[in-house]
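Dear colleague,

Please find the structure below, handed over for your use. A summary of the findings follows it.

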Amino acid sequence: MGYFSSYIPTVRTLFEDFDAELSKYLVDANIDEVWLSHDNWNGGIDTYNIVLTVPTDLFKSLRRKNVIEQAEAELDKCYADAMRGEGESLQIASVVIRPTTADVSQLGNNYNDRMWKPGYFRLFISHLSECKESASNLKECLQNFGIDGFVAHEDITPSKEWEQEIEAALFSLDALCAIVVPGFEKSNWCDQEVGIALGRKKMVFSIKKGKDPYGFFGKYQALPSQRNANDMAQELTKAICVNEFTRGEYFTKLVNLVLNASSDTIALKFIQVLFEAEHLDKQYVSLLHDNFANNQTIMKENVLEAVNPLFQKYGVSALQLVIPSNNQDDNIDLPF
């Protein structure tokens, strides 16, 4: 479901000091969240194991050094550090490193995820140069839905090698969107971008703009091009909400954007997106409800007036604003 995936970049950075080579395998594709139990205490606590899959050769190397348990303990600590102050509704029982002979994703030495807005759903927008304006406008509109688009060439820092930056974005995306126009298949870059996303088992959405998608990503129904970028962003967001490979990651990140909002304006914007979202499961609404009071910035009357209809819609109890007492008599009997 991706409940803990937003912490992975921080965990990876913290873990680098312990084992830089092993840290390269701390990517979404290699991590499973195994649900263990649910406890109704204190509003509900779900417990998970985190399972990190690594190549067999690397696992054997760790075993020869007799550091597997130490690495697992260190990873557990890194997750705890990354999640400090997040409340108790989600807990990790243990972190397990598991070997496999199957293909495993690995980040390159130049990997970083600075090109993405923190906490947003990450969408790589693959396009030909003639569609740069369309891609840029789509990116701008998608941000209103909690989706950050990476538009190659536009989003690359001039001081960085552009191939390295594109590769970094491809290995840290949540999904890819291809704007398919005549000639798309003749572009080696666009074709490889789609291929990398499919190879990482990430969803590839396509926008039909004069040409149908083809090959391996042709099996997914293309979205018809819309008259403006905002309408296109809405249709693409709906597709992300419905798709089984993206909806969990998207809704989890959208909920966290509300919970971590630095202003009521930001919270209100993404609450409205959640309220209007199709195929939103109750578990995400419950996650929002159980952690809402942890952020005092959003515990305001106007925000509660907006979020309580969402809770009511999904059968979750409303939240009440607690106003601190100003009665000085409350302090009369305090010991000295």
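**Findings**

The protein contains 12 helices and eight strands; these are DSSP runs, with helices being H or I of at least four residues and strands E of at least two, numbered from the N terminus. This is a predicted model, in which local features need pLDDT of at least 70 and side-chain atom pairs count only at pLDDT 80 or more, while totals for chains, interfaces and linings use all residues. Residues are numbered from 1 along each chain as its sequence is written, and side-chain values use heavy atoms, with hydrogens and water left out.

**Overall form**

The radius of gyration, taken over C-alpha atoms, is 22 Å. Along the principal axes, the C-alpha atoms fill a box of roughly 80 × 60 × 40 Å. Of the 336 residues, 49% count as buried, that is, under 20% relative accessible area; exposed means over 50% and partly exposed lies in between, with a 1.4 Å probe and protein chains only. Among contacts (heavy atoms within 4.5 Å) with a separation of 6 or more, 69% join residues 24 or more positions apart.

**Cysteines**

The structure holds zero disulfides, a disulfide being a pair of cysteine sulfur atoms within 2.5 Å. For cysteine 177, the closest cysteine sulfur is that of cysteine 131, at 11 Å, which is too far for a bond. Cysteine 190 is likewise in no disulfide, and its nearest cysteine sulfur, also that of cysteine 131, is 8.8 Å away. Cysteine 177 is buried, with a relative accessible area of 0%, and cysteine 190 is buried at 2%.

**Helix α5 and its cover**

Helix α5 spans residues 132-142, and its buried residues are Ala135, Ser136, Leu138, Lys139, Cys141 and Leu142. Their cover includes the strands β4 (121-126), β5 (147-151), β6 (175-180) and β7 (203-208), together with helix α8 (229-242).

**Alanine 93**

Alanine 93 lies in strand β3, residues 90-100, and is partly exposed, with a relative accessible area of 43%. Beyond its neighbours within four places in sequence, alanine 93 is in contact with Leu36, Thr47, Tyr48, Asn49 and Asp76.

How values were computed:
Rg over C-alpha atoms; globule rule 2.2 N^0.38 Å.
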